[in-house]
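Subject: Structure handover and findings

Dear colleague,

My notes on it follow directly after.

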Amino acid sequence: MTDMMPDKKLLTSNTALAVSCHGITKRYGEGDNQIHALRGIDLDVYQGELMMMVGPSGCGKTTLISILAGILDQNEGECLVFGENIKKLSHRARIDFRARNVGFVFQSFNLIPALTAAENVAIPLQINGMPEARAISKASEYLQEVGLAGRENSLPAQLSGGQQQRVAIARALVHNPRLVVCDEPTSALDHVTGHKVMDIMKHIAVNQDRTLIIVTHDARIFSFADRIAHMDDGRIVQVDQNVVEKNTARSF
Amino acid sequence: MYSVALKMLFGDRGKYIGIITGIALASVIMIQQPGMMISVLSRTYSFISDVNQPDIWVMDPMVRYIDDSKPMLDTQLYRVRSVPGVEWAVPMYKGGQRVRLSNGELVGSNLLGLDDATLIGAPGILLTGKLSDLRRPDAVIVDEAGARGRLAKPAAHPDEKPTPLAPGDTLEINDKRALVVGIARATATFGSQPIIYTTFTRAKNYSLGERKLLSFVLVKAKGDEPPEDVANRITEKTGLKALTAQQFKDISLDYFIKTSSILTNFGFMVLVGFIVGAAVTGQIFYNFTLENLRYFAVFKAMGTPDYVLLKMILLQAMVVGFVGFGIGAGISAMFAAYTRGGSGITMTLSWQLLLGSGAAVFVICLLAAFFSVRKVFRLEPAIVFKG
């Protein structure tokens, strides 16, 4: 395994740890049917960093971000997210932690079909106790930021794939989380739209206090990453600084 | 988050209408079957309910229920009147008579002879005509269901409908003329036979060849005497059976329940209605939750506590239950109103029935919500990352 620590000179500013994982293993199933999804992951992700996780299907990328986001427990190892050992938090404390600190962007958007764009974006604020009217007002501001001014009252079905993903990004950011995890955010989009979506993510989502971890197969967006962790068979086999030529040459 | 739950529910109009329709139909089944059973059972004592002035019914000791008429000698009336505590006592004739229609058809009917002087026992609701017209020669009042149904004037041609009886029309009871002077609303009887009201004297005249014609003596207890005490005293002094109106209803109902399979049959239908209703309602709501499981997983992943998810699902269940039951109860009420006064299928919609069926729908929705919530609670939020 290569050195997991980044060259700190290449990180723009803040080098405080957002995520620090050591010896993470995850198994599914029992006995002969047991599958080793993660086989001892060591990973540090820094605040203000956009990290991508790449690798073939079934290599454990999604399992790893599920653990980092606090929605799945590892079998062994320790995972600190902003200094909190999530596995050791109580059920309630973990739910609160996710509500305050984590934003999600999904491959299939997962927007509630019956809610308008603004209502979808307002959900994390309502989960955090903000009254509906205020939450929708703030959600509308975020929709404006992702270039969807005037589409606040549109239902997801009335939006294109790219627009839906922008709504999902606004939803992931509206409560100002410190960690945003994205699962294949561009794989359902065409090249141009995917590029636009990543542009928005890079410019709106990433800041000194916020960390983005993106799982992707899409080599077209590797250039947006600060670092890229290559995974295979439940292990991180290499972590690269963003060298576009190298990454795009790699075949997954 | 509760508004989100409601928007999820109302947002997909097709599914929402499907759920509401299912619950409304289940509610109709759960209201209608017991409603019809109550209606049929109440017919066993409907005649007693319609005659509401007397406190006590006096009859032959062998009478077991309202239609089990065992006439007494007229002299029994005077014996009853002599019992202390009796405010007044009047005779009543109740018997089956055959009515001949203009086409020669014979229709079995209930003939009621009311006290000539007071007309106690007359129907409470007269739709047309006046009660005092019963004192006119040959006068009878016919109940609404009979006038529209079995006693209606036969049509001249087979493809035409019979014409309902109206004041001025005549009937033939045991070869004697009867002039219709009014149409009354009466609760249908168990046998759904037409009811014909006339005076006691005229009823005796219609009933050829019968020596004993006093079916019941209707008694009012004095104001300060409990009817039960007066009834006991009448039995003691005369040897006749004397029952309060409620006691008479109870023994009539008991008789029908014990000697017929009506309770078993209807009870089974009610049970089937409940089970079908529960299954339909539960399944529909459970499916709705399953279809939204992915979104509940998203809520969980985003940090929605379990108790909020529980309240969201309960709110959805209660709303669909309330709206579905409301529509079902409305449809049942319309059915009850439409069939009211007829001699065929009728339905009694009591507040107890609405409360009971409403509670049943409430329980079903709670159960459906319980199973849905279990599914949501066990849901692994990590499924949100699966495609």
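Two strands are taken to pair if DSSP finds at least two bridges between them. By that criterion, strand β4 (residues 76-81) of chain A pairs with β5(A) in the antiparallel sense, over two bridges. Within this pairing, V81(A) stands opposite E84(A) in β5(A). Please bear in mind throughout that this is a predicted model.

The sheet in chain A

Confidence in chain A

The mean pLDDT of chain A is 81, and 89% of its residues reach 70 or more. Among the elements of this chain, α3(A) has the highest mean pLDDT (91), while helix α7 (residues 244-249) of chain A has the lowest (42). Residues 244-252 of chain A have a pLDDT below 50, and beyond near neighbours in sequence this stretch has 13 contacts in the model. Residues 1-14 of chain A also stay under 50, with 27 contacts beyond four places in sequence.

H230 of chain A

Is H230(A) buried or exposed? The residue is found in strand β9 (residues 227-232) of chain A. H230(A) has 20 C-beta neighbours inside 10 Å and therefore counts as buried, since the cut-off for a buried residue is 20 or more. Leaving aside residues up to four places away in sequence, H230(A) touches V54(A), G55(A), I236(A), V237(A) and Q238(A).

The contact between the chains

Chain A contributes 25 residues to the contact and chain B contributes 20 residues. On the side of chain A that touches chain B, the elements giving two or more residues are α1 (61-68), α2 (91-101) and α3 (117-127) of chain A. By class, that side of chain A has 13 nonpolar, six polar and six charged residues.

Chain B as a whole

Chain B has twelve helices and ten strands. Of its 387 residues, 43% are buried. Among the contacts in chain B with a separation of 6 or more, 79% are between residues 24 or more positions apart.

Strand β2 of chain B and its partners

Which strands pair with β2(B) in the antiparallel sense? One of them is β3 (residues 106-114) of chain B, joined to β2 (residues 86-100) of chain B by eight bridges. In this pairing, K94(B) stands opposite L112(B) and G95(B) stands opposite L111(B). The two strands form a hairpin with five residues between them, and G104(B) in the turn has a positive phi of about 90°. Another partner is β9(B), which pairs with β2(B) over six bridges; here A89(B) stands opposite V219(B). Strand β6 (residues 170-173) of chain B pairs with β2(B) over two bridges, and E172(B) is the bridge partner of R100(B).

Strand β3(B) is joined in turn to strand β8 (residues 195-199) of chain B by five bridges, and these two run parallel. There, G113(B) stands opposite T198(B).

Helix α7 of chain B

Helix α7 (residues 227-238) of chain B has twelve residues and reaches 16 Å from its first C-alpha to its last, close to the 16 Å expected at 1.5 Å a residue. Its buried residues are P227(B), V230(B), A231(B) and I234(B). Seen down the helix axis, they fall within an arc of 100°, so they line one face of α7(B). What covers these buried residues includes β1 (56-59), α4 (75-81), β2, β9 (216-221) and β10 (241-244) of chain B. The face of α7(B) turned away from the buried side carries the exposed residues D229(B) and E236(B). Just after the helix, G239(B) takes a positive phi of about 80°.

Yours sincerely

Terms used
Residues are numbered from 1 along each chain as its sequence is written. Chains are lettered from A and ligands numbered from 1 in the order in which they are written. This is a predicted model: local features need pLDDT of at least 70, side-chain atom pairs count only at pLDDT 80 or more; totals for chains, interfaces and linings use all residues. Two residues are in contact if their C-beta atoms, placed from the backbone, lie within 7 Å. Helices (H or I, at least four residues) and strands (E, at least two) are DSSP runs, numbered from the N terminus. Ala, Val, Leu, Ile, Met, Phe, Trp, Tyr, Cys and Pro count as nonpolar, Asp, Glu, Lys and Arg as charged, and the others, Gly among them, as polar. pLDDT is the predictor's confidence in each residue, from 0 to 100. The expected span of a helix is 1.5 Å times one less than its number of residues. A residue is buried if 20 or more other C-beta atoms lie within 10 Å of its own, exposed if 12 or fewer, and partly exposed in between; C-beta atoms are placed from the backbone. The arc is that of the directions from the helix axis to the C-beta atoms.
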